[in-house]
Amino acid sequence: MIKPFSIDLSVDVGGLTLRNPVMPASGTFAEGLDKVIDFNRLGAFVTKTVTRELRAGNPLPRVVERPGSLINAIGIPSKGVPHFIERIIPQYAAYEPPLVVSISAPTAEGFASLASELSLPGVSAIEANISCPNIEEDGKAFAMRAESAEKVTRQLRAATKLPLWVKLTPNTGDIAEVARAAEGAGADAVVVANTFLSMAIDLKTFKPCLGNIMGGLSGPAIKPIVVRQVFQCAKAVKIPIIGCGGISSAEDAIEYMLAGATAVQVGTATFLQPAAMVSIIDGIEMFCLQREIKSVTDLVHGVVIEEADDQDLAWLSPPT
Amino acid sequence: MSLDHPSVTKQPAATPPASRAPWQPSIVAEVARVVANTAVNAEYRHLVVDCSEIAAAGQPGQFFQLLCPHPAGEQPFLRRPMSLYGADPVKRQVEFLYKVTGAGTRGLDLIQPGGTLDIMGPLGAGFTLDSKWRHIVAVGRGAGLATLAPLAKAAKASGIKVTAIFSARRPELLVSVDLFKSHGADVVPVTDSEQTSGPGNVERILRGLIAAGKCDAFFTCGSSRLMRVQQRLAIEFGLPGQVAMEQQMACGIGLCYCCVRDFNVGGEIVNRRVCWDGPVFDLLEALP
């Protein structure tokens with residue numbers, strides 16, 4: 001079949017050019033997935049979060065399912081930095097997509113030193129997971145408040161010359177303010193968002209379903225909330241936004257891009273359909289072909305808002 | 001506690017990407033056509049599906065992740081891991097044996113022949129057979145009998161004799177017995193109702209087999225109590241063994257680390273993924 005014209009799927013995300021806007025969400029991707037999909041199709045690789053300390057992870061059970069969603073409290077198992085440098089980074093050297101390394105630490109200084117140590121050949125960008133709700137006591141995280149997000153991002157910025165992506169939490173009152181703080185402190189892009197702090201209780205035992213009591217909600221159920229958060233962040237910042245939350249189809253990814261995302265991350269969907277990312281890439285291209293959209297970047301923030309008044313957008317006057 | 005996933009040993013390619021052989025999957029998620037879905041006894045059902053060559057290449061001890069249809073009023077979100085009961089690369093079919101216990105298997109129960117089922121596999125590290133062995137013992141209970149089933153055919157193909165000690169609550173709930181017998185295996189049923197399934201009796205049977213030179217290796221699945229009996233005997237007699245283990249899973253391909261278990265590796269407790277490093281592990285490293 002001759003295409004009417006070729007589609008440019010490439011996007012620029014915070015100092016990094018990706019062949020297409022689709023990449024895995026941290027924690028839902030590992031080298032074994034290459035038995036299911038051709039890694040060279042992906043826009044980028046994003047590793048599981050690495051920490052300096054050795055972490056065994058949370059007590060079991062670590063996941064519980066709910067309609068249209070999954071709650072996880074894996075607890076970021078990590079074998080530490082030397083293992084990551086010697087064993088994980090080289091596994092991606094043979095592939096074409098850039099490697100984005102996800103890091104986490106209990107302090108801003110810890111984030112900075114980790115970013116510095118992992119700014120190595122073979123690493124194309126740092127994604128600072130300042131949002132994982134399981135890692136801080138009672139679910140607290142840097143990205144819950146603009147001040148702490150600003151502080152950790154500033155230290156990260158000083159510690160690495162690599163593109164710096166900051167992954168925000170949806171568990172905050174004003175995510176746009178946090179995104180603005182990260183931008184002001186030097187982030188090259190923000191990832192919006194992470195899982196929602198949540199809980200499930202077993203009615204047979206009256207016990208929490210997760211060993212960690214609370215966990216992070218992901219999957220299709222959270223998508224409309226995070227699309228809203230991307231839309232709000234897109235109005236607040238000029239740096240690119242990477243949308244992440246409940247994406248399982250090309251339509252979902254396009255919706256995120258229309259809301260303001262330049263690229264997207266796919267996580268939980270891979271657990272159900274391991275080739276989901278490749279299907280999404282193909283589906284975005286097909287959509288652009290059908291709609292005669294030459295560049296996928298034309299979708300970014302393409303949402304058509306007919307009401308010009310921002311006051312209306314705040315839906316202060318609900319429909320009557 | 002340290003973490004360990006020894007099966008990941010990818011080497012960086014020596015050649016640039018452009019000159020590599022075309023990429024091919026070895027695990028697939030595909031919509032398979034259901035050939036049969038019938039009850040084999042009061043508890044277990046036998047599911048047979050037509051599938052691709054890749055799926056039909058599944059090996060004994062490997063498993064699939066099934067995307068189960070939603071039964072009325074329930075929405076199972078994740079796939080359900082299911083041991084391979086049989087794989088036929090010529091007919092391009094895979095078989096599963098399941099007991100209806102939850103939302104996922106209630107959904108499986110609804111599928112009619114001619115219908116479809118989204119299967120993903122083959123997954124995990126399965127059993128391995130050593131051509132030096134002449135006679136092995138398979139010890140299973142409950143759903144473990146389904147997991148051990150493909151061993152019968154594989155052992156026969158390798159010229160290895162099998163004695164299967166199969167445990168169930170009642171004789172009529174035993175599965176895989178005819179399958180093992182059809183491949184020339186000796187089957188020793190033990191049941192709770194006949195008071196023959198206790199670890200003491202199973203140990204007596206195993207000691208008899210060892211004394212008769214009929215136990216070059218243990219294969220087991222489905223009972224921690226019986227696994228411990230075999231671990232003791234394996235140490236006492238210096239015999240190897242393999243155990244297929246279960247754990248709640250999400251992704252099934254080593255991504256999410258929800259299905260980890262502890263293993264004793266040379267006195268050190270290590271954490272491994274049942275879906276990716278297993279589900280079959282060294283008998284002596286397994287912890288109940």
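How many helices and strands does the secondary structure of chain B come to? In this predicted model, where local features need pLDDT of at least 70, side-chain atom pairs count only at pLDDT 80 or more and totals for chains, interfaces and linings use all residues, side-chain values rest on heavy atoms, with hydrogens and water left out. Residues are numbered from 1 along each chain as its sequence is written, while chains are lettered from A and ligands numbered from 1 in the order in which they are written.

Chain B comes to six helices and 16 strands, where helices (H or I, at least four residues) and strands (E, at least two) are DSSP runs numbered from the N terminus. Its radius of gyration is 19 Å, which agrees with the value near 19 Å for a compact globule of 288 residues; the radius is taken over C-alpha atoms, and the globule rule is 2.2 Å times the number of residues to the power 0.38. Along the principal axes, the C-alpha atoms of chain B fill a box of roughly 55 × 50 × 35 Å. Of the 288 residues in chain B, 52% are buried (under 20% relative accessible area, with exposed over 50% and partly exposed in between; 1.4 Å probe, protein chains only).

In soluble globular proteins, nonpolar side chains tend to be buried together.

Helix α4 of chain A (residues 175–184) has as its buried residues A:I175, A:A176, A:V178, A:A179, A:A181 and A:A182. These pack against α3 (146–159), β9 (164–167), β10 (189–192) and α5 (223–236) of chain A. Just after α4(A), A:G186 takes a positive phi of about 110 degrees.

A:E53 lies in the loop between β4 (45–46) and β5 (63–66) of chain A, and this residue is partly exposed, with a relative accessible area of 31%. Apart from neighbours within four places in sequence, A:E53 is in contact with A:S78 and A:P106, contact meaning heavy atoms within 4.5 Å.
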